[in-house]
Amino acid sequence: MSAAQLFFPLPPNLSTFSTTPSSQALFIISFAKPISNNPHFVKQSVSSKKRADFRAFADDGDADGGGPDDYDMDEDEVEEADNKKDFDVDYDTLLGGASLAVAATGDEIAMVHSSSFVFTQGWDSEKIVDYRINEEEFHKISLLDCDFFIRKPPDPDNDVYDFREMYVTPPDTDIYAIPRVLAPMPQKYIRCAMSDYGCYNVTEPPIDAPRDPMYKSDREVLKVFLTKHYRNRRAGDPEFALDFEEIYVIDSKTKSITRAKVVVTVPGGRNRDRKNDLLVIRDSGNSFKIIPSEERDDPTTVIEKEEWKKSRQDMERHLRKLRDFSVSNWF
């Protein structure tokens, strides 16, 4: 079964499942932080305290964003002041009338001085440092191939990240190195919701060990997504929403962090209602698109599309052996 599109309620322990082609591994996107008051991953109603559903799924294809943003921005804008110079969100050029300015906001988090802070941005990637860190002062993010550390400023919600100091180590070791940074990182504190993209590998016991459990499940986290809180609002804020335009991706295999390239197909520019956003994640966590929530497909439709696509590819490979042309005419 292929579940490239999944919908799930938005607790911080949220999960999404799919299978890999190479094995019966089950992919999951889940919130690592337990919540009693933690907000939904997609949206929360302003007028009601009732939590909305988190819905993330895959669709037929990716929209091609074709140009600069369709809105104008004030020069004295505060929100996204650090990142807008270095990273442009790809807005769908077919959406017209999105020339909206962004109002200034005072939702920045006050910087806190720390005697142990070390500014690591600009250092050579994968350079091993000659000191140890106090891991209690960092968010420890455990992945399959490495442990990632991002400085954790003091905050009761425990969801503030300082990307100016980051380290990576082999799993459960104290050999700290500078990670590969593939995109500009924010220069101020930001609140993020953490989710991970991983798999469960289910294996049978060996024949010579009949008393072992029938099946064994191993959890493997391949990627971690850090999604910024819109305007740095706290989880319990009635106006809380996640800013899907700003997602930071930590990759276990490359031991790197980057900012996701997000295509926005929702009209309204930056000043739109974020509670109507629906995030689509495809291609094993490499493709991100924001669409209106009313365009969602049900899980059965998505699975059928993915199964048809895979079945067609399998049939093409089989028929290619029996003919002298490459592609069939599919009606």
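Close-up 1. Welcome to a predicted model, in which local features need pLDDT of at least 70 and side-chain atom pairs count only at pLDDT 80 or more, while totals for chains, interfaces and linings use all residues. Residues are numbered from 1 along each chain as its sequence is written, and side-chain values use heavy atoms, with hydrogens and water left out. Cysteine 146 is buried at a relative accessible area of 0%, and cysteine 192 is buried at 3%; buried means under 20% relative accessible area, exposed over 50%, and partly exposed in between (1.4 Å probe, protein chains only).

**Close-up 2. Two asparagines with positive phi.** Look for asparagine 158 in the loop between strand S7 (147–151) and strand S8 (160–169); strands (E, at least two residues) are DSSP runs, numbered from the N terminus. Although asparagine 158 is not a glycine, its phi is positive, about 60 degrees. This residue is partly exposed, with a relative accessible area of 41%. Asparagine 232 also has a positive phi, near 55 degrees, and sits in the loop between strand S11 (216–229) and strand S12 (242–251). Asparagine 232 is buried, at 8%.

**Close-up 3. Arginine 132 meets aspartate 174.** The structure holds 23 salt bridges, each a side-chain nitrogen of Lys or Arg within 4 Å of a carboxyl oxygen of Asp or Glu. One of them pairs arginine 132 with aspartate 174, with 3.4 Å between the closest N and O atoms. Arginine 132 lies in the loop between strand S5 (90–91) and strand S6 (138–142), and aspartate 174 in the loop between S8 and strand S9 (180–181), so the pair ties together parts 42 residues apart in sequence. Arginine 132 is exposed at 62%, whereas aspartate 174 is partly exposed at 36%.

**Close-up 4. Two aspartates in the loop between S7 and S8.** Aspartate 155 forms a salt bridge with arginine 191 (3.0 Å, N to O). Arginine 191 belongs to strand S10 (residues 190–203) and aspartate 155 to the loop between S7 and S8, so this pair joins parts 36 residues apart in sequence. Arginine 191 is buried at 4%, and aspartate 155 is buried at 17%. Aspartate 157 pairs with arginine 234, their closest N and O atoms being 2.9 Å apart.

How values were computed
Helices (H or I, at least four residues) and strands (E, at least two) are DSSP runs, numbered from the N terminus.
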